[in-house]
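Good morning. Please look at the chain on the screen while I go through a few of its features.

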Amino acid sequence: MEVSPLTQQARPSSFQPKIIGLYDDLFKQDDDDLAYSDAFWGEFFLLRPDKAGLEQRLDGLITDDLLHLQHETRQLFVRAVSQVKHGRAPSDENALDTLTVFLGIILTKRYTNPSADIITVLAGLDEVDAVFSEFANAIESIIRTGRSAEIRSKAIDVALSLTSGAYQTSLVSYFAHRDLFPALIKSIQDSDNPELVFKPFLLLGLLANYNKFEFRNPYRLRLEDFVNESAIQKIAQGIGFACSQSRNLYVAIQEDVAEGWTVGSTLAYIGLGVLAPSKGAAPAQPKADDIKEGFAVLPNPGAAVLLGVYDFTIANKVFCSNLVSCTSTSKMVEAPFCAFLSYTSYLVHHAYRSPRATIYGLLNFMILRIIVEDLALCKVLCDPETLVSVRLCRQRQPLLPATPKSRPAAAPILDILVDSINHNLRRHLDIPLYISCIGLIHRLLSYLTFTRTRLTYHWSLLWQTLLSFLRFLTTYAPSLTVQDPDLPLLINPFLTTLALAVTSGESFLPDPAAYDDLFYKLVEAGDYLSRFKKAFRMYLTHPSEPIGVTSNVPSTAPIDILIQVAAHYHDLVEAENGKGRMGNNMSPREVSKVIRQGYNTLSLPAMEGLDRWDRFREGDERGMLKRVARVAVEDTKKLLRAS
């Protein structure tokens with residue numbers, strides 16, 4: 001290298017910030033355990049950190065290197081915490097930025113003994129309580145009373161970095177002992193932009209899930225007791241904003257404006273109404289390979305916020321009520337619940353593309369199930385006077401009908417469920433996803449039946465989807481019956497849902513024509529009903545029996561009701577046709593007329609239990625929720641590395 005004429009020292013070929021040299025001094029691997037001076041650390045934290053340079057040096061160290069450098073890494077951590085605690089600008093901000101990167105990389109290394117090795121690298125076994133207690137206190141203080149929104153956000157980043165990186169260790173428990181809940185809620189209340197709600201709410205969701213099945217998580221208890229509606233409404237608006245932003249990433253890959261929607265209204269849904277263009281040529285469509293690759297990486301890591309939405313929903317009825325009823329802050333943005341439903345639509349439409357998409361789709365279905373099972377909230381969803389507009393995914397055939405008019409929220413929810421059934425059919429069926437879909441449909445129909453609420457909806461699409469699903473199950477029965485032990489949890493609710501519609505449809509269908517259509521489609525599927533019963537006989541149960549009972553199946557099981565109805569009308573049509581085969585010379589209108597006339601001779605057996613369902617119990621979904629938490633933790637790490 002060229003020698004500097006001023007210092008007579010070799011100078012680098014390119015400019016290198018001073019802080020990079022300090023990183024090199026700190027992480028040089030020699031055999032001397034140096035105690036760096038106060039002057040060194042003073043300069044270290046006065047200089048703006050070079051995140052890329054620090055990441056590069058830490059990424060290059062393996063776990064054995066870090067254990068060898070434990071003297072240096074401990075000094076860095078303790079000195080950074082000290083700078084944060086003293087709160088002198090700009091050293092405290094630089095220390096927070098350094099800690100975010102440092103913890104984000106140190107904690108994600110693969111250690112032989114994760115908890116013990118991480119403690120060794122950061123504090124040492126003898127000092128861990130003192131060091132991490134001081135760390136937790138310093139972070140809480142900054143989040144609660146930091147001098148600006150920016151420094152409070154940096155402190156939340158540090159807390160996210162530790163929580164996500166050390167999620168499988170005992171270190172997160174220091175945030176349980178030092179309660180961050182009031183500070184995080186204050187941070188949310190002080191925010192004047194829904195975008196600023198994202199990080200504190202994400203951290204709250206991770207903390208509320210930490211080992212919650214192993215001990216009484218204090219953050220979960222806080223959520224149960226929280227009744228501050230102004231803060232809850234800000235949280236709801238923040239959730240809506242996050243869902244809209246995540247949904248927009250799908251739209252950016254492939255525009256799917258439905259016919260009947262105006263460009264201006266569509267842009268308004270995604271918060272860009274002021275950019276509505278004048279009429280002109282349609283933009284060029286991206287290539288199929290580009291679309292496939294784009295969808296493959298979605299949902300974006302921001303989907304991790306849905307974990308907190310679930311925990312607030314399961315723990316707090318006040319939050320549920322506000323999430324469902326909270327209106328938009330302006331005409332340019334969606335209401336929070338509409339944004340949540342829209343994002344769910346895009347998630348489940350593409351659920352088959354990756355395990356992450358499926359997991360988040362299932363999580364949103366759990367949230368909807370909790371809401372639907374609350375009778376007061378379900379009343380709001382089905383109320384013909386409470387109308388919403390939800391942008392639904394229409395990116396692959398078969399497309400949902402274009403419905404630009406406002407409808408009760410139950411209608412777009414049914415559309416989402418129909419779309420999920422249609423677009424995730426695979427020979428290796430995702431049984432949990434379909435159990436959730438059918439369960440939600442059954443609960444909505446049960447409520448409509450119980451309250452005799454007539455919901456305006458394209459019911460023909462629902463019957464067509466359910467009976468097409470029945471044909472699919474029948475066709476692939478040999479592979480399905482050996483695929484998943486939870487298959488009975490799908491088969492029996494599915495049949496119960498169809499039987500409920502057949503026996504009680506007059507309670508919720510808007511007119512006789514909609515009821516006729518259900519019977520017509522059932523007659524068309526008559527042959528498949530008998531084949532279905534034969535293929536899945538071993539799984540069939542009566543609604544009043546525990547699922548899994550396979551002996552002494554009653555003659556009034558749901559499948560028998562369906563077969564009886566189909567056979568009744570099939571015989572009438574054959575008699576009318578006179579040729580032994582339905583529809584040889586009869587038009588669909590003539591068949592429908594026979595179906596209407598057949599009501600007088602149709603005798604359905606009395607059958608109780610078709611409208612019964614089990615309430616959601618979190619313990620039953622323990623394995624699923626732990627998987628969601630792991631995915632959310634990994635997504636949080638990605639968010640921090642990308643920021």
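Where is P299 found? P299 sits in the loop between α16 (288-296) and α17 (306-315). Helices here are DSSP runs of H or I with at least four residues, strands are DSSP runs of E with at least two, and both are numbered from the N terminus. The bond that joins L298 and P299 is a cis peptide bond, with omega at about 5°.

Before I go on, this is a predicted model, in which local features need pLDDT of at least 70 and side-chain atom pairs count only at pLDDT 80 or more, while totals for chains, interfaces and linings use all residues. Residues are numbered from 1 along each chain as its sequence is written, and side-chain values use heavy atoms, with hydrogens and water left out.

There is another cis peptide bond, from Q397 to P398, and its omega is near -5°. P398 is placed in the loop between β1 (387-388) and β2 (407-408).

Now the whole protein. Its secondary structure comes to 31 helices and two strands. Of its 643 residues, 53% count as buried. Buried means under 20% relative accessible area, exposed means over 50%, and partly exposed is in between, with a 1.4 Å probe and protein chains only. If we take the contacts with a separation of 6 or more, 77% are accounted for by residues 24 or more positions apart. Contact means heavy atoms within 4.5 Å.

What about the inside? The largest nonpolar core has 216 residues, and F132, F135 and W459 have the most contacts inside it. Such a core is a set of buried Ala, Val, Leu, Ile, Met, Phe, Trp, Tyr and Cys residues joined through side-chain atoms within 4.5 Å. Leaving aside neighbours within four places in sequence, F135 is in contact with F77, V81, L99, L103, V158, L162 and F175.

Next, the loop between α12 (198-209) and α13 (218-225), where F213 lies. Which residues does F213 contact, leaving aside its neighbours within four places in sequence? They are E618, R622, L625 and K626. F213 and R622 are 409 residues apart along the chain, but their C-alpha atoms are separated by 7.7 Å.

N211 is in that loop between α12 and α13 too. Its phi is near 50°, a positive value in a residue other than glycine. N211 counts as partly exposed because its relative accessibility is 32%. R452, in the loop between α23 (431-451) and α24 (459-475), also has a positive phi, near 55°. R452 is at 53% relative accessibility, so it counts as exposed.

Last, a pocket. On a 1 Å grid over the protein atoms alone, a pocket is an open set of points where a 1.4 Å probe fits, with protein on both sides within 12 Å along at least five of seven lines; lining residues have an atom within 4 Å of a point. The second largest pocket is lined by 28 residues, and E195, L196, F198, K199 and P200 lie nearest its centre. The elements that give two or more residues to this lining are α9 (149-165), α11 (181-190), α12, α14 (229-253) and α31 (622-642). α9 gives the most, with six residues.
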